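Subject: Handing over the structure

Hello,

Here is the structure I promised to pass on. Please open it first, then read my notes below.

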Amino acid sequence: MAILEVKDLKKTFKQTPVIKGISFDMAEGEILGILGPNGAGKTTTLQMILGILTPTSGTVTIFGQNMPQDKTSIMERVNFSSTYTDLPWRLTVRENLIWTSYLYNIPDRARRLDKIKTIFRLDKLWNQSTSSLSAGQRTRVNLSRAYVNFPQLLLLDEPTASLDPEVAAYIREFFADQRTRFNTSIILTSHNMTEVENLCDRVLILKNGRIIGNDTPGRLAKKIDETHLNLRVTKRADILAQLIETSKLKSVETDGVTSITLKEKLLPLFLYEVAKNKIHYSEITIDKPTLEDYFLRIAKGKDHGKSTGGDL
Amino acid sequence: MKIQHLKAYVRVWLKLTIQQFQSQVANARGAAALFIFGKLFRLASALFLVYVVVGKAKLIAGYSLNQAIFLLMLFNLTQTISQLFLRGVYLFRQKVVDGTFDFYLLNPLSELFYSLFSSTDPLDIIVSMPYFFLVGWAWVNTGYAITLPVVLLLLVIIILSTLMVTAWHIVIIAVGVRYLEVDNTVMLYRDLERMGSFPVSIYGKFGENLLTYFFPFALMATIPAQLVFGLFNPWFLLLFALFAFIQLRLSLWFWHRSLLSYSSASS
């Protein structure tokens with residue numbers, strides 16, 4: 001069942017269309033990534049889902065209710081965290097969380113806050129003022145604030161930016177665990193492609209206010225259809241060069257390793273030709289396309305699916 | 001609105017107000033003392049002005065000194081009560097610029113509630129005390145009877161006046177959302193409001209009509225005068241209530257329209 005439905009959403013700022021009619025939905029317990037180059041409309045989309053911005057047209061339905069008309073009841077079950085949101089500096093971490101619990105009308109506050117303190121490892125920071133925290137610690141407090149109401153839908157903007165790798169890994173595991181145990185749905189924007197690949201069930205790619213990709217990270221990466229075959233050749237390098245040339249493939253050589261770009265489906269055939277021509281090598285690796293490759297291609301403005309993979 | 005929501009609003013408002021008071025006591029004792037002194041000075045100068053004008057002219061637009069003081073103090077009392085709750089409006093521009101308004105929009109409570117009531121100033125309670133006293137004192141001196149029905153009706157009028165003032169403050173913050181401008185709109189509003197604190201017949205027909213029908217601040221002074229001075233017309237009260245509710249509806253409509261053009265601090 002879809003907990004979030006976005007239909008033909010548009011947003012125009014002073015005659016400039018920023019979001020040009022996007023539609024998508026999200027199932028309960030799903031982790032959805034939103035990616036796109038700068039200015040693609042990611043933040044505007046998140047802000048319309050959260051009710052910060054009012055859409056010019058189109059609808060956002062969360063838990064079957066309309067945003068922003070039913071904002072009060074929707075936001076009791078939704079929360080948001082961004083690395084870039086400031087916390088009230090004068091308050092301590094404890095006061096910040098107490099204050100948030102008031103906003104969300106949390107019953108049995110003391111018990112809930114104790115739980116949050118343990119989950120986000122805040123014991124040592126508990127009575128420190130927010131202003132004295134490092135960027136990473138503030139991110140952690142921000143995330144803990146977003147969990148005060150145990151949201152069913154959580155929107156995260158760069159959740160692990162400025163966290164050290166150990167804490168970032170812990171937080172990622174925590175989100176995955178929350179989804180498994182409580183079916184929490186998460187929308188995530190991040191510039192960390194590995195994080196998106198590992199966490200997200202599905203990724204939306206936005207560009208110029210439109211959705212240009214909507215699929216699993218693996219399937220999106222496959223649209224690149226380009227693989228890099230890396231060989232450290234020990235014998236008959238000239239024959240390999242000829243083979244690359246006649247096959248109209250691209251290659252680069254770095255530190256004695258030849259990296260050949262070719263379509264994934266042509267890889268077995270090319271390796272057969274290498275063997276047939278008795279080309280010897282001491283090292284072989286294959287770099288399959290990743291979500292990052294797909295994203296970079298989108299960001300550069302090339303159409304996905306077109307490749308320079310040769311015609312063996 | 002559900003009862004539990006109402007409770008949450010009251011609890012958050014109380015928490016915010018206590019924080020505001022603690023912050024004033026801890027960090028800005030000097031500023032708080034200056035604020036109270038300034039307000040009391042303003043009260044004294046208004047009283048002095050009425051005394052001088054009526055002392056020379058004996059009557060101001062047909063009102064005696066005590067009647068004029070009663071009207072002026074009642075008007076100021078309404079204004080102070082409104083400001084007690086609506087002080088946040090004066091800080092609204094900063095909140096839009098630094099992203100605090102985004103935070104208001106993000107949580108389950110109404111962004112309008114936050115924008116209007118997030119900086120309730122407890123010092124205004126202290127400032128409103130002399131007005132309460134002077135309203136009572138001037139009323140006794142006018143010689144008109146203080147009866148329970150009149151007091152109750154007066155309370156209704158004060159509530160309606162507060163609604164009207166709230167409506168105008170909603171318009172001010174709506175302009176703030178749209179154009180990031182609050183200070184000049186506040187000044188414009190306060191000048192017009194102050195004009196309404198005197199009997200409007202002194203401004204001539206145009207001024208009277210402007211302050212009665214377009215910016216109906218004059219009604220905030222005229223209706224209580226009619227009530228206390230024995231000229232009460234229930235239809236006029238009904239008209240006043242209608243004006244207050246229409247203004248509130250229009251201001252809410254304008255507020256929602258202005259949110260359409262909001263682009264958030266991060267944009």
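Start with strand 3 of chain A. Five of its five residues are buried, so the strand is largely enclosed by the rest of the structure. Please keep in mind that this is a predicted model.

How do the side chains of strand 3 of chain A point? A:Ile31, A:Gly33 and A:Leu35 point one way. A:Leu32 and A:Ile34 point the other way. All of them are buried.

Strand 3 of chain A has two partners to look at. With strand 8 of chain A, the pairing is parallel and runs over three bridges. Here A:Leu32 stands opposite A:Ile187. With strand 9 of chain A, the pairing is also parallel, over four bridges. On that side, A:Leu32 stands opposite A:Arg202.

**The sheet**

Now step back to the whole sheet. It is open and has six strands, in the order 6-7-8-3-9-10 of chain A. The pairing is mixed. Which strands form the edges? They are strand 6 (78-82) and strand 10 (210-215) of chain A, and each pairs on one side only. From one strand to the next, the twist averages 15°.

Look at the strand 6 end as well. Strand 6 of chain A runs parallel to strand 7 (residues 153-157) of chain A, and five bridges join them. One pair to find there is A:Asn79 with its bridge partner A:Leu154, in strand 7 of chain A.

Two helices lie across these strands. Helix 1 (residues 42-50) of chain A lies across strand 3 (31-35), strand 6, strand 7, strand 8 (185-189) and strand 9 (202-207) of chain A. Its angle to strand 7 of chain A is about 150°. Helix 5 (residues 135-146) of chain A lies across strand 6 and strand 7 of chain A. That helix runs at about 175° to strand 6 of chain A.

**Chain A overall**

Chain A has 11 helices and 14 strands. Its C-alpha atoms fill a box of roughly 75 × 45 × 35 Å along the principal axes. Of its 312 residues, 37% count as buried. Take the contacts in chain A with a separation of 6 or more: residues 24 or more positions apart account for 70% of them.

**Two domains**

Chain A is divided into domain 1 (2-216) and domain 2 (222-300). How far apart are the centres of domain 1 and domain 2 of chain A? Taken over C-alpha atoms, 41 Å separate them. The domains do touch: the contact takes nine residues from domain 1 of chain A and six residues from domain 2 of chain A. On the domain 1 side, helix 7 (193-199) and strand 9 of chain A each supply at least two residues. By class, that side has seven nonpolar, no polar and two charged residues.

One residue further along the chain is worth a click. A:Lys288 sits in the loop between strand 14 (280-287) and helix 11 (291-300) of chain A. Is A:Lys288 exposed, partly exposed or buried? It counts as partly exposed, because it has 14 C-beta neighbours inside 10 Å. A:Lys288 and A:Leu229 are 59 residues apart in sequence. In space, they are 8.8 Å apart, C-alpha to C-alpha.

**Chain B and its contact with chain A**

The contact between the chains takes 19 residues from chain B and 17 residues from chain A. Which elements of chain B give two or more residues to its side? They are helix 1 (3-27), helix 5 (100-106) and helix 12 (234-260) of chain B. Helix 1 of chain B gives the most, with six residues. By class, the chain B side has nine nonpolar, seven polar and three charged residues.

In an unreviewed entry, it places the feature "transmembrane region" at residues 31-54, 123-140, 152-180, 210-229 and 235-255 of chain B. I checked two of these spans in the model. Residues 152-180 of chain B are 97% helix and 0% strand, and the end C-alpha atoms lie 40 Å apart. Residues 235-255 of chain B are 100% helix and 0% strand, with end C-alpha atoms 30 Å apart.

Over to you.

Best wishes

Definitions and conventions:
Residues are numbered from 1 along each chain as its sequence is written. Chains are lettered from A and ligands numbered from 1 in the order in which they are written. This is a predicted model: local features need pLDDT of at least 70, side-chain atom pairs count only at pLDDT 80 or more; totals for chains, interfaces and linings use all residues. Two strands pair if DSSP finds at least two bridges between them. Axes are lines fitted to C-alpha atoms, for helices over the stretch in contact, and angles run from 0 to 180 degrees between N-to-C directions. Two residues are in contact if their C-beta atoms, placed from the backbone, lie within 7 Å. A residue is buried if 20 or more other C-beta atoms lie within 10 Å of its own, exposed if 12 or fewer, and partly exposed in between; C-beta atoms are placed from the backbone. Ala, Val, Leu, Ile, Met, Phe, Trp, Tyr, Cys and Pro count as nonpolar, Asp, Glu, Lys and Arg as charged, and the others, Gly among them, as polar. UniProt positions are given in the numbering used here, feature names are shortened, and annotations may be inferred rather than shown by experiment. Domain bounds come from an automatic or database domain assignment.
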